[in-house]
Amino acid sequence: MKSTRSRGRSKNNRNRNNNQGGNVVNRVFDSSGPEGKVRGTPSQVIEKYNQLARDAQLSNDRVAMENFQQHAEHYLRLLAEAQREQDQRREEQERQNRERQAERDRERAERQEREANQGGGNQNQSQGGGSPDKGDAPQPDIAEPAQATEEDSSGLVETPESKPKPKRAPRRKPKPKPTGDGNGDQPEAAE
């Protein structure tokens with residue numbers, strides 16, 4: 001039974017697939033030039049058509065030379081447009097990154113200002129106003145551990161990963177099993 005669906009081999013489908021954007025710089029093209037097919041990336045196709053144009057010029061075939069140059073120019077335009085689009089995308093990404101970084105910097109500055117206002121607010125009320133000096137701002141109290149040892153004096157929080165692992169008892173070799181040969185030569189139990 002034959003399928004009634006189209007296999008998608010029409011010229012329109014090929015053109016649509018080639019114009020989907022993507023990375024034109026690295027895409028492989030099949031160019032049907034006057035001397036047959038030329039296959040490769042745009043830069044390879046351009047180089048091949050330029051070489052064919054030089055060969056046609058050496059053989060005094062001005063029409064073929066012009067034809068090859070026009071083919072090379074077509075791929076040069078494709079390549080230039082793709083590179084221009086890449087540059088625009090890169091500039092847009094850099095602009096967005098700069099905007100995000102500026103927003104983060106603003107948020108950080110606002111957060112530091114709020115923290116300074118919250119920490120220095122009590123001092124302003126007790127002194128009757130004025131701008132507090134950051135060096136004179138009250139410092140938060142740090143709770144000392146109940147039993148401070150030399151290791152705990154670093155002020156670090158103890159986590160399960162930082163605790164030393166308990167040492168295991170050394171493994172004992174298993175006792176040899178008695179050979180039941182009936183001679184009564186069983187090994188004596190160690191005391």
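Predicted model: local features only at pLDDT ≥ 70, side-chain atom pairs only at ≥ 80, totals over all residues.

Trainee: Is Ser31 buried or exposed?

Mentor: Ser31 sits in strand β1, residues 29-33. Its relative accessible area is 4%. Buried means under 20%, so Ser31 is buried.

Trainee: Which residue's side chain makes a polar contact with that of Ser31?

Mentor: Contacts of Ser31 beyond four places in sequence include Val45, Tyr49 and His71. One of these contacts pairs side chains at 2.5 Å in a polar contact. The partner is Tyr49.

Trainee: Within what arc do the buried residues of α2 fall?

Mentor: Helix α2 covers residues 42-58. Its buried residues include Val45, Tyr49, Leu52 and Ala56. Seen down the axis, the buried residues of α2 line one face of the helix, because they fall within an arc of 130°.

Trainee: How far apart are the closest N and O atoms of Glu73 and Arg77?

Mentor: Both residues lie in helix α3, residues 62-127. They are four residues apart, so about one helical turn separates them. Glu73 is partly exposed at 36%, and Arg77 is exposed at 56%. They form a salt bridge, with the closest N and O atoms apart by 2.6 Å.

Trainee: Which residue forms a salt bridge with Asp87?

Mentor: Asp87 is partly exposed, at 35%. The closest N and O atoms are 2.9 Å apart, and the partner is Arg90.

Conventions: Residues numbered from 1 in each chain as written. Heavy atoms only, no water. Helix = DSSP H or I, 4+ residues; strand = E, 2+ residues; numbered from the N terminus. Buried < 20%, exposed > 50% of the residue type's maximum accessible area, 1.4 Å probe, protein only. Polar contact = N/O pair within 3.5 Å; in protein donor to acceptor, adjacent residues only side chain to side chain. Contact = heavy atoms within 4.5 Å. Expected span 1.5 Å × (residues − 1). Arc of directions from axis to C-beta. Salt bridge = Lys/Arg side-chain N within 4 Å of Asp/Glu carboxyl O.
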